[in-house]
Amino acid sequence: MAIQPRLYAKEDRRLGQSRARESVDIPFLIILLLLMSVGLAMLYSASSAQSQYDTGYTDSTKYLQKQAVCAGIGLVAMAALSRIPAGFWLKTAWPLYGISIALLLSVLLFGQSVNGAKRWINIAGLQFQPSEIAKFTLIVLFSRLTKGFGRAAGQFRYGVLGFGAALLGILIPLALEKHLSAIMLMGMVAVVMMYVAGTNPRWLLAGAALAAVFVVVYVSLMGYAGDRITAWLHPEQDPSDTGYQILQSLYAIGSGGVLGLGLGKSKQKYLYLPFQYNDYIFAIICEELGLFGALLIIVLFGALILRGYWIALRAPDRFSTVLGTGLITLIAVQTVLNLGVVTNLLPSTGIALPFFSYGGTALAVNLGEMGILLSISRNRNRATQQEEFL
Amino acid sequence: MLPIESKWKGRDKMEKGRKKQQYVRLRGDSGQHRRILAVAIVLGIAAFIPIGLRLYSLMVSDYSYYANLALRNQTRTTAVTADRGNIYDRNMNILACSVSVENVYLDPHELKQSKADMEAISQKLGQILDLDPSWIQEQGKDITKRYKQIAAKIDEETAALIRAYINEYDISGIHLEPDTKRCYPFGTLAAQVIGFTNASNTGSEGIEAAYNSYLEGSAGKVITTKGNNEMDMPFSYEHYVTSRQGDSVILTVDATAQACLEKHLEEAIAKYDVQNGAFGIVMNVKTGEILAMATVGSYDPNSYMEIADPETSQQVEALRQAYLSKQEGTQEYETAKKAYQEARTAAQLKQWRNRCISDGYEPGSTFKVITMASALECGAIDLNTHFFCSGSERITGRSQLLHCWRSAGHGAELTPQALQNSCNIAFAHIALKMGGQTFYDCVKNFGILEKTGIDLTGESKGVFFDEQIVTDTDKWGTASLTSGSFGQTFKITPLQLVRGIAAVVNGGYLVEPYVVSEVVDAQGNTVLKQETTVCRQVISEETSKTMRQLLQSVVEEGTAKNASVAGYSIGGKTGTSEKIDVFDENGQRVLDKIVSFVGIAPMEDPEYIVLAALDTPSRQTGIYISGGVMAAPTVGAVMEELLPYLGVKQNYTEEDAAGRTVIMEDYFGQTAAQAQKLLKEAGLTAKLQGSGETVTAQIPAAGQSLPGGSEVILYFGAPAREEQTAVPNFIGMNRQQASDAANKAGLYVLVAGNNSVDLNVVVTEQSEAADTQVPVGTTVRLVFADTKAAD
């Protein structure tokens with residue numbers, strides 16, 4: 001593995017030598033790798049039936065293979081990015097923003113349709129979703145802006161209009177793609193980052209209300225608002241069609257019980273639960289590992305998120321702090337939304353569970369982003385060291 | 001990258017010296033710090049709490065609810081249908097069996113999912129199944145449904161066409177499922193006895209209904225856990241409930257006897273222009289086994305919904321056209337539609353009805369057998385009791401004048417003549433002699449007030465008088481008692497009558513009739529065996545013997561001469577009853593008649609009883625409407641055919657010899673002595689022609705039937721006469737005239753029907769039409785009947 005976490009090299013300190021690169025945050029790394037490994041294992045379990053079905057009972061690892069390759073790419077990216085100082089992103093924020101918008105627009109022109117939505121683009125034979133890059137770009141740009149605005153973020157002009165304009169630049173092409181889940185996700189991450197930057201929470205609340213109104217109007221214009229809401233509140237009314245997905249998810253979760261059916265022994269994954277290996281993978285986890293295993297995974301996510309914020313808080317500069325906050329917030333929001341949908345606390349949105357759901361781009365990008373967080377944690381470590389030295 | 005790196009390094013160097021660092025400065029922005037902490041608590045802890053609680057409620061509180069639903073979701077129950085058992089006649093001819101067919105259904109949900117071209121599919125299916133394509137398209141529209149049957153019970157050939165179509169275009173959403181269809185190889189034969197099964201293969205009428213629990217077997221099922229799309233699951237289980245094949249039912253009914261009875265009833269319907277169908281029963285008098293039970297006009301259980309009677313069918317069709325021509329949705333339309341549906345249902349119920357057990361009718365004079373047997377048994381009369389019939393008589397306690405069927409009266413009679421003449425006045429007196437209570441008790445004893453207990457569904461017990469009305473003559477008068485004595489003003493089922501008369505002749509034992517002799521399972525093991533059940537002895541052997549003689553005398557000397565069959569001793573009783581409860585549109589009694597005859601053979605030791613009843617023969621034919629003229633020859637014809645088939649030994653009297661049938665053998669090449677010896681044994685005489693050594697030709701040819709005692713011609717070298725002769729018109733000739741005419745034309749005569757040499761007994765039918773040219777020596781079969789025979 002590219003990362004060689006080194007514990008505080010006591011001999012180094014004794015020698016009074018300071019290395020250019022301090023070690024990354026080990027607890028965070030461990031939790032992350034644990035989640036990723038469990039994620040891959042569960043992806044294999046959840047996708048095996050579908051894989052067999054798709055390959056005519058010859059291969060149960062079709063999805064695992066692709067995901068593992070992307071995990072590998074993600075780990076390399078993570079290692080590489082963990083070595084790039086956060087300051088690098090400060091400079092690249094605007095170019096990245098330009099590239100992202102260009103990519104999003106190009107999707108509209110040359111994109112590929114998957115399941116009726118144009119969200120994918122093919123570059124040099126690699127298929128990926130530009131919206132994944134856009135999410136990262138948004139976080140980087142907001143961090144850049146936060147640093148630039150400084151205490152002026154409290155003013156409407158900067159804290160609302162400034163951030164808002166930057167946000168719209170990305171949300172408008174996404175709206176043209178009808179990529180509602182990405183818009184929602186980015187909107188939420190943006191709100192959190194603006195709050196952290198110091199935008200007045202009242203404006204954020206007003207903005208959120210506005211967004212809610214917009215969503216309601218948008219959804220009703222799309223014509224499936226009623227269906228979606230009914231399917232959410234009363235899935236049993238149409239168990240074979242609109243309520244099918246969520247009912248199957250609840251069957252899977254509920255039948256897991258306290259200890260689950262055992263690893264690999266899910267029954268719902270045999271094509272009953274659609275998207276059992278991506279958006280709804282957590283339902284299969286509940287079925288196989290039970291409440292016990294599900295809570296363990298939630299605790300791991302909680303620990304990762306808390307440790308992520310801890311890293312952000314300890315970052316050496318304002319830009320790094322906000323960047324770290326944004327990155328871990330992205331993971332946190334995705335996790336919470338996904339679990340909320342799978343357990344039918346929230347209406348269906350189409351947001352994947354980080355490190356678990358099938359999706360190569362998302363996994364690689366997420367790991368890469370965690371690499372940046374790790375990079376930030378290096379500076380923190382040094383600071384801690386210095387604090388100790390005081 | 002380089003500049004950043006170098007800056008980084010530079011900062012490191014700076015920090016080496018001064019131990020002030022950015023971290024401390026950053027802490028100064030306590031507002032941001034606080035906000036990040038808040039976000040961390042919300043997104044890292046708080047947000048997971050509702051999720052955790054929700055998981056607890058789903059996986060712990062509601063565990064069993066969801067586990068159950070999941071199990072139901074994942075298990076498939078596949079029914080394993082049991083083959084319905086066959087129905088056999090007593091000789092193991094298959095009367096009903098099941099054949100494999102298929103049902104076609106659409107899965108509209110799947111059709112929509114697969115974006116199938118419903119237009120094209122409807123066209124093609126409509127063409128294959130002969131259905132309206134727009135109707136099929138309509139069925140495919142309801143996408144909330146997963147099952148829409150569009151065709152039921154189609155044959156394998158049609159199913160193959162659909163399967164080929166599905167495969168050719170790889171359509172998902174059209175499915176075929178196996179089903180079975182009941183098949184009745186004999187069609188209308190014994191339809192009301194056998195019954196039929198409805199669309200869901202459950203017996204609806206007759207044996208199919210009565211023995212449904214045996215025939216249907218029990219369906220098994222396989223419960224498996226399966227993945228969706230029939231995907232196999234490694235952690236699945238299978239649970240089998242084995243099916244039990246239906247048992248087969250073997251009837252006492254004999255298809256040949258049944259066909260014979262139905263054929264002769266149909267012939268009678270045609271001959272006498274019978275308006276309202278006919279029914280008949282053949283039963284073994286000792287065992288109660290039903291050999292045949294017919295209701296004519298019948299229907300074809302293979303297509304039981306269709307109205308079989310052409311006239312009724314036309315009327316129903318006219319009503320259908322009438323409602324279809326109306327504007328849909330209007331009051332008129334609804335009324336017309338209802339009228340059509342009611343007419344159709346009524347017609348169906350009528351044709352499915354087994355009149356022999358379900359419908360009461362007035363037995364008329366046939367009931368006199370039971371009255372007389374009862375009276376003899378209780379000693380109210382003996383064979384020498386005197387009666388006098390003046391044609392009509394006023395009877396105490398009866399307001400209406402009592403008429404005998406013969407208005408001239410029968411004069412002085414003894415008991416046997418009373419029965420032979422079927423004299424109503426004599427029977428009224430017999431009933432009066434018995435007294436109401438005795439009469440009622442006897443009738444009850446004969447099972448007239450109860451169902452016979454036959455193993456068929458839908459049996460009724462007719463309508464007899466309330467006890468008081470017959471017994472309390474002081475209060476109610478004698479009208480019911482006297483009318484009841486000769487079978488009027490009450491109704492019983494044909495089977496009740498047959499059972500009662502069987503008891504009269506079989507030594508006095510009332511038996512329980514039955515149609516199923518045995519039920520066997522699929523492996524051939526006997527599941528149920530029915531044997532004769534004797535309910536009780538109702539009259540003594542002695543009385544029974546007397547009654548046998550009396551009944552034989554009715555055929556030999558009385559009203560039923562037309563029922564006689566050469567070679568057999570037949571007994572029986574005629575009946576002509578008026579339907580007093582049928583009114584025309586003006587409220588007048590129509591006085592439609594049911595003519596009937598109950599015949600028994602052989603009288604030395606009765607084995608079979610045959611009832612034939614014709615409902616409402618038309619007055620248009622000019623034939624005198626009576627049981628003796630119409631029903632007796634029908635039963636005679638049935639017996640003539642049936643008794644030899646059933647192996648009842650013929651017993652020719654000298655008188656009968658002429659009626660005995662001999663089959664001509666081939667005598668070619670035999671000497672005169674040999675041939676004459678053989679001919680004598682066969683009961684024939686020979687006239688020899690020519691002078692050769694051996695027979696070179698003979699008249700009639702070998703294999704021809706001819707009456708016993710006839711003279712045949714054997715040629716010894718001389719050329720045979722190869723002449724043609726014209727068949728005379730025998731109709732209306734009596735025995736002597738017919739015999740003379742036949743001799744003159746060089747024909748042989750076989751006598752059938754009434755074989756008494758009475759001037760009233762004349763030819764009513766001849767096997768070769770008049771004036772046709774036939775070879776000399778041909779046998780002509782002549783049916784004789786007494787055209788004046790009444791009642």
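Why is H12(A) largely enclosed by the rest of the structure? Of its 25 residues, 23 are buried (20 or more other C-beta atoms within 10 Å of a residue's own, placed from the backbone), so the rest of the structure largely encloses H12(A).

These legends describe a predicted model, in which local features need pLDDT of at least 70, side-chain atom pairs count only at pLDDT 80 or more, and totals for chains, interfaces and linings use all residues. Residues are numbered from 1 along each chain as its sequence is written, while chains are lettered from A and ligands numbered from 1 in the order in which they are written.

**View 1. Helix H12 of chain A, residues 318-342.** Helices here are DSSP runs of H or I with at least four residues, numbered from the N terminus. H12(A) reaches 36 Å from its first C-alpha to its last, close to the 36 Å expected (1.5 Å times one less than the number of residues). Just after H12(A), look for Asn344(A), with a positive phi of about 60°.

**View 2. Helix H26 of chain B, residues 627-645.** A kink of about 25° is centred on Met639(B); the bend is the angle between axes fitted to the seven residues ending there and the seven starting there. In H26(B), 16 of the 19 residues are buried.

**View 3. Around Leu782(B).** Leu782(B) touches residues including Phe730(B), Val749(B) and Gln766(B), not counting residues up to four places away in sequence. Contact requires C-beta atoms, placed from the backbone, within 7 Å.

How values were computed: Helices (H or I, at least four residues) and strands (E, at least two) are DSSP runs, numbered from the N terminus. A residue is buried if 20 or more other C-beta atoms lie within 10 Å of its own, exposed if 12 or fewer, and partly exposed in between; C-beta atoms are placed from the backbone. Two residues are in contact if their C-beta atoms, placed from the backbone, lie within 7 Å.
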